[in-house]
Amino acid sequence: MFQTSEPGRYDAILMDLQMPIIGGLDAARAIRSLGTDYSSKIPIIALAANAYQSDVEACLSAGMTAHLPKPLDVPKLLQALSSSPK
């Protein structure tokens with residue numbers, strides 16, 4: 001959906017790491033590889049049950065902006081969104 005959207009359509013992407021077709025890490029890499037200003041700047045925030053340091057590092061290495069553990073803590077989400085580059 002992101003790839004075919006017009007720039008500015010989405011303000012952020014909340015990415016589940018475990019999805020049936022493509023995993024969140026691969027999806028984030030695919031978005032970042034589109035090579036547009038929009039795809040390089042949109043905040044991609046991982047939502048995951050696993051919150052080990054290695055999981056956080058994998059998300060950041062895949063191009064995600066932040067990693068938040070489930071269950072979602074809304075104040076932490078708002079903080080991650082406000083600290084993301086625009």
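The model is predicted, so local features need pLDDT of at least 70 and side-chain atom pairs count only at pLDDT 80 or more, while totals for chains, interfaces and linings use all residues. Residues are numbered from 1 along each chain as its sequence is written, and side-chain values use heavy atoms, with hydrogens and water left out.

Let's start with the sheet. Three strands form an open sheet in the order E1-E2-E3, with parallel pairing. Here strands are DSSP runs of E with at least two residues, helices are runs of H or I with at least four, both numbered from the N terminus, and two strands pair if DSSP finds at least two bridges between them. Strands E1 (13-16) and E3 (66-69) stand at the edges with a single partner strand each, so one side of each has no neighbour in the sheet. Four bridges join E1 to E2, residues 44-48, and Met15 stands opposite Ala46 in E2.

Now the salt bridges, meaning a side-chain nitrogen of Lys or Arg within 4 Å of a carboxyl oxygen of Asp or Glu. There are three by this rule. Asp16 pairs with Lys70, their closest N and O atoms 3.4 Å apart. That pair links distant parts of the chain, 54 residues apart: Asp16 is in strand E1, and Lys70 is in the loop between E3 and helix H4 (74-83).

Which residue does Arg29 meet in a salt bridge? Its partner is Asp26, at 2.9 Å from N to O. Both sit in helix H1, about one helical turn apart.

Finally, Asp37 bridges to Lys41 at 3.3 Å between the closest N and O atoms, and both lie in helix H2.
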